[in-house]
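Visitor: I would like to go through the labels used for this model and ask what each one rests on.
Guide: Then let us take them one at a time.

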Amino acid sequence: MLNKNDKKNMLWIIIGIAVILGIFILIRGYDQKQLEENNPSEPDTPIVEPDEPQPEESVEPEENTNQYVMSTPVVEDTIEEIEEDIYPEIDLDINYFMVSLGEEFQLPEISKFDQNGNPLTVSITYKFRTLGSTEFVPTLDFSTDRIGTYQITYHVENEKHYISEMDIYVDIVDDVSPMIDGMITSYDEIEDVTKYISVSSGSFINQSISLSFSDNDEVVYAEYYNAKLENIIEGDTIEQEAMPTVNIIEDLTEFNLSEEGEYHIRAYDRSGNYTEFVVTIDYTNPEIETITYQQNQDHTVLVTITFNEAILPIPGWELSEDQKVLTKIYSENQEEEVTFIDLAGNQNTVSVTVDQINIIHAYILQNNEITQSRNLNRNDGEIKVYVEGQANITYTLNDETNSKTYENNTVLTEDGYYHFTITDGVDEIHLEFYISSMDTND
């Protein structure tokens with residue numbers, strides 16, 4: 001049995017459950033009311049208990065009715081196939097072209113008939129985007145005479161008035177560098193006219209130069225710098241080209257240079273192509289750094305002249321690859337004035353004196369061949385004395401008292417004993433030999 005406390009606890013539990021149920025019912029009622037307020041158009045519908053399900057009565061279709069049901073549903077693939085047959089095809093395989101500025105180029109053509117031979121109406125519209133722009137603007141025609149990009153749209157219409165469109169793009173590019181032309185003037189005293197002479201890049205000149213710029217499109221910027229900057233350090237001249245001062249050329253129609261220096265001129269077009277033109281203006285005469293004379297074993301003298309800059313070739317002299325050294329071999333003593341000209345046309349003169357050739361050589365020749373024999377017979381061929389170098393030649397015949405002058409390389413026609421004395425004023429050579437004309441059969 002439950003005691004008094006247990007009954008009391010049970011009572012409180014029942015009261016708590018009742019309170020909870022009451023709160024739940026109150027909330028449900030409030031939600032139902034809110035639902036009804038939010039849907040005022042719906043009439044109150046009493047809750048009706050469902051009846052037992054009744055079997056459906058079969059309805060016979062009326063006879064002679066015009067209604068029908070499609071037995072085959074429309075498939076999406078069939079629709080797509082029909083659409084493809086309606087719109088014309090555009091037979092273009094390539095939709096991008098790159099063409100050089102000014103180049104002849106024909107836009108691709110498309111057929112004016114479809115695959116079944118039915119006529120098509122073809123029209124083309126053009127849009128153009130200039131270099132550096134991001135927007136295409138409609139234009140009337142196509143031309144390769146300006147730089148930029150064309151958007152060309154082909155419109156193709158068939159007999160059913162269905163239209164297909166396709167875009168192609170043509171880039172007109174400039175791949176040609178600008179041109180820099182140099183010009184100097186020269187006065188012809190004989191003809192009394194001023195002549196204009198073209199100067200190519202890399203030239204050396206000794207006068208002012210006029211430069212002009214041109215391009216197949218447009219020259220937009222030009223600059224120049226003088227690369228021949230000299231710095232004297234302990235007597236040495238060093239060419240500094242690492243950080244030249246670059247100057248902007250403001251007037252692109254004509255630009256003049258007149259001061260000495262090695263100039264580098266650059267011109268740029270709108271597409272970034274550029275050309276460099278180099279010219280050296282030099283008004284200073286070339287100078288000799290050294291001149292040397294070297295005696296050779298063959299009794300010649302090698303003369304070597306070194307210059308402070310490149311010079312032009314001189315006939316009779318050999319010029320080094322860097323064009324700064326001249327060499328020439330002299331076989332006899334002489335004095336010569338040599339005029340040398342640098343690449344710009346400046347000139348100077350040096351005197352070359354060769355007086356080191358003092359050693360002479362003398363030979364006895366028979367039949368124009370050197371012989372070591374001292375008993376010669378004229379029946380074996382002509383006999384002569386040949387002397388190398390400048391010398392005084394005399395001889396005596398059969399120990400005569402008075403000597404006779406001999407002309408070098410002359411045939412000897414008399415028999416007897418010969419004594420030749422050959423001297424150049426410093427060295428002296430003696431030749432002694434005997435000539436006969438007796439026949440060996442005698």
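Visitor: Why is Ile25 called exposed?
Guide: The model is a predicted one. Ile25 has a relative accessibility of 59%, and exposed means over 50%, so Ile25 counts as exposed. This residue is found in helix α1, residues 4-38.

Visitor: Which residues form a nonpolar patch on the surface?
Guide: The patch consists of Ile13, Ile17, Leu21, Phe24 and Ile25. Together they have about 530 Å² of accessible area. A patch residue needs over 30% relative accessible area, and Ile25 has 59%.

Visitor: What makes Glu191 and Lys195 a salt bridge?
Guide: The closest N and O atoms of the two are 3.8 Å apart. The cut-off is within 4 Å, so the pair counts as a salt bridge. Side chains of opposite charge can pair when their charged atoms come close.

Visitor: Which residues are linked with them in a network of salt bridges?
Guide: The network links Asp188, Glu191 and Lys195.

Visitor: Why is Glu191 called partly exposed?
Guide: Glu191 is at 49% relative accessibility. Exposed requires over 50% and buried requires under 20%, so Glu191 falls in between and counts as partly exposed. Lys195, with a relative accessible area of 35%, is partly exposed by that rule.

Visitor: How do you know that Asp217 and Arg270 form a salt bridge?
Guide: Their closest N and O atoms are 2.9 Å apart, which is within the 4 Å limit. Asp217 lies in the loop between β9 (209-214) and β10 (219-226), and Arg270 in the loop between β15 (261-269) and β16 (274-281), so the pair ties together parts that are 53 residues apart in sequence.

Visitor: What makes Asp217 partly exposed?
Guide: Asp217 has 24% relative accessibility. Buried means under 20%, so Asp217 counts as partly exposed. Arg270, at 38%, counts as partly exposed too.

Visitor: Why are Asp415 and Arg378 called a salt bridge?
Guide: The closest N and O atoms are 3.0 Å apart, and the rule asks for within 4 Å. Asp415 sits in the loop between β28 (404-405) and β29 (416-423), Arg378 in the loop between β25 (375-377) and β26 (383-388), so this pair ties together parts that are 37 residues apart in sequence. Asp415 is at 31% relative accessibility and counts as partly exposed; Arg378 is at 31% and counts as partly exposed.

Visitor: How many salt bridges does the rule give?
Guide: The count comes to 8 salt bridges.

How values were computed:
Residues numbered from 1 in each chain as written. Predicted model: local features only at pLDDT ≥ 70, side-chain atom pairs only at ≥ 80, totals over all residues. Heavy atoms only, no water. Patch = residues over 30% accessible without salt bridge, like charges linked within 9 Å, V, L, I, M, F, W, Y side chains within 5 Å. Areas by Shrake-Rupley, 256 points an atom, 1.4 Å probe, with all protein chains shown as cover. Salt bridge = Lys/Arg side-chain N within 4 Å of Asp/Glu carboxyl O. Helix = DSSP H or I, 4+ residues; strand = E, 2+ residues; numbered from the N terminus. Buried < 20%, exposed > 50% of the residue type's maximum accessible area, 1.4 Å probe, protein only.
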